[in-house]
Amino acid sequence: MRILLLTHAFNGLTQRLHAELGALGHEVSVEFDIADAVAEEAVELFRPDLIIAPYLRRAIPESIWSRHVCLIVHPGIVGDRGPSALDWAIQEGESSWGVTVLQAEEQMDAGPIWASETFDLRAARKASVYRNEVTEAACRAVCVALERLAAGHRPVPLAEAGGRGRLRPLMRQSDRRIDWERDATATVLRKLDAADGFPGVADELFGQPCHLFDAWPESGLGGGRPGEILGRRETALLRATVDGAIWIGHVRRGDAQPAIKLPAAMAFAAEAAALPDLPLADWWRARQATWQDIAYSEGDGVGLLHFEFYNGAMGTRQCERLLQAYRWACTRPTRVIVLAGGADFWSNGIHLNLIEAARSPADESWHNIQAIDDLAEAVITTESHCTVAALRGNAGAGGAFLARAADLVWARSGVLLNPHYKNMGNLYGSEYWTYLLPPRVGEDGAREIMRNRLPLTARAALQRGFIDDCLELDADGFATEVLRRAAELAAAPDFPRRLQAKRDARARDEARKPLARYREEELQMMRRNFYGFDPSYHVARYRFVLKSPHSWTPRHLARHRDPVRGR
Ligand code: COA
């Protein structure tokens, strides 16, 4: 089928559908929902058999839905309607939720139903549920809908579908407001989770208006007046509740221009500096219920390093701290180091928000890329251990190559990889990608991946040779299986031989072309991106960080607008 994805943005769900439908042999093109006339033009150009709207913020015009079958992916159970489906479900503590695929008609979300899926609703952030359960359920539901369409079925009218959902209004900040004098910790967390990563909860810190994001529970510390800021740890602030305390990891200040989401203790740097520091003794010991971005545990010859960085963005200091932790892990009497990343993202490369907020974004870009390169170099040159990057969550740009710096890359099947940089204003990229990529996918394959700038499912990444294994498991199953395999690797009788072979290969590579030269060449190009006359990277970063609305669909996605590929 020719399938047009009409969407507000190429978000994770749209990326996943694009990749999955393409893999099923459909011809897929994308158009951003910018204006009715532009959408009509896209339909005219592509002549789709079917239109799918994975992520729309407004209704499809009648001129389109009255002539073409348009399937809307709604992140809600059958009967649920309205723009804040997940927000209400999380805030009201639903125990199960779902995704419905319905046909677009006059009334929004009220068309007949083609397919629906349900899932257990975790106590987690909205963005995380969307990226995991909603995305998985949406892929399944879209596939069922396609099968039913192909088989000539008819959709079930909403009135006959019998769902327990209902029409809910847009959730407003007044619905989200935290009453620090009354709300228990669990309620505060639920409100913050329901608003993360967008729009956050409007509140105040140090008397300044701001939006709060990235809440972490705290089980040990507490005391103080409800709402009071009790201390800081690295970039997070601890705030008292009526029955305990929670950590706030990120905020967007209302009085700052431009208003960028930043680590809380950096957004309020002066105020945070005056607070008591609450460091973790034994930083490496993984704990429950506190703010801990880097955690280490070990057993069966395996060291497991988690790094839970918000949105997978890795700023200069985060890279430096992770490097320190990694070096320490290398001194442990283990054989295998598993780099586990975070739950939703393994890494998305350098921290574009911190760069945008820096006094000199060019200088901060430079420092950040050096810091992430140092980390990649340490992983590549590790002689003491076998290294595994275990991707439970997605990886993009430099983060995908940082993963590839490990000897082995294992990914969960639901993971998406974006191993390319060009979408960020033609950024050349570093992280030793020129050393790491070609041997895995071939010179032509490397050129193609970089040029196409498209997401790869873990399965596709395995087929291309970018990763070493794709495990068809959910997040918990993946974590268990990674540990089992890593322990097996550590216990393998041929482990010493394997380690020696790795050292020899590195030495041969080094003799052929020193690692430092790859870095020098990449950074020469990056210097141009950061300091040169072409401002594309700075413009693209600004637009990305500020979430500027799209005014056109990039050609590599809108194949109907490409005179050669669109035919
Ligand atoms: N720095 C700062 N924030 C980042 C980031 C980065 N490198 N990568 C992603 N984010 C943030 C997004 O702004 C978004 O923030 P929000 O919580 O305010 O909504 C969040 O992470 C999720 O990203 P989003 O783009 O919505 O996820 P996605 O699944 O649709 O797309 C990527 C994933 C990786 C394709 C996309 O995030 C991306 O292009 N990131 C930039 C990668 C990059 O160019 N890095 C620099 C070069 S190394």
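**Close-up views of a predicted model**

**View 1. Where α15 meets α19.** In this view, W433, T434 and Y435 of α15 touch L515, Y518 and E522 of α19 (contact means heavy atoms within 4.5 Å). Sorted by class, this α15–α19 contact has four nonpolar residues, one polar and one charged (Ala, Val, Leu, Ile, Met, Phe, Trp, Tyr, Cys and Pro count as nonpolar, Asp, Glu, Lys and Arg as charged, the others, Gly among them, as polar).

Residues are numbered from 1 along each chain as its sequence is written, and side-chain values use heavy atoms, without hydrogens or water.

View 2. Around the ligand sit 24 residues, the closest being K261, N311, I350, L352 and K547 (a heavy atom within 4 Å). That shell splits into eight nonpolar, twelve polar and four charged residues.

View 3. A polar side-chain atom of K261 is 2.9 Å from a ligand oxygen, and a backbone N or O atom of G12 is 3.2 Å from an oxygen of the ligand (polar contacts are N or O pairs within 3.5 Å). At L352, a polar backbone atom sits 2.9 Å from a ligand nitrogen. The protein covers 85% of the 870 Å² of accessible area that the ligand has on its own (Shrake-Rupley, 1.4 Å probe). Two or more shell residues come from each of α1 (12-23) and α12 (352-357).

View 4. Most residues other than glycine have a negative phi, and most peptide bonds are trans. Here, the bond from D196 to G197 is cis, with omega near -5°, and G197 belongs to the loop between α8 (185-194) and β7 (201-205). F198 and P199 are also joined by a cis peptide bond, omega about 5°, and P199 sits in the loop between α8 and β7. Over in strand β8 (residues 208-218) is D214, not a glycine, yet with a positive phi of about 65°.

Note on methods
This is a predicted model: local features need pLDDT of at least 70, side-chain atom pairs count only at pLDDT 80 or more; totals for chains, interfaces and linings use all residues. Helices (H or I, at least four residues) and strands (E, at least two) are DSSP runs, numbered from the N terminus. A polar contact is a pair of N or O atoms within 3.5 Å; within protein, one must be able to donate a hydrogen and the other to accept it, and residues adjacent in sequence count only if both atoms are side-chain atoms.
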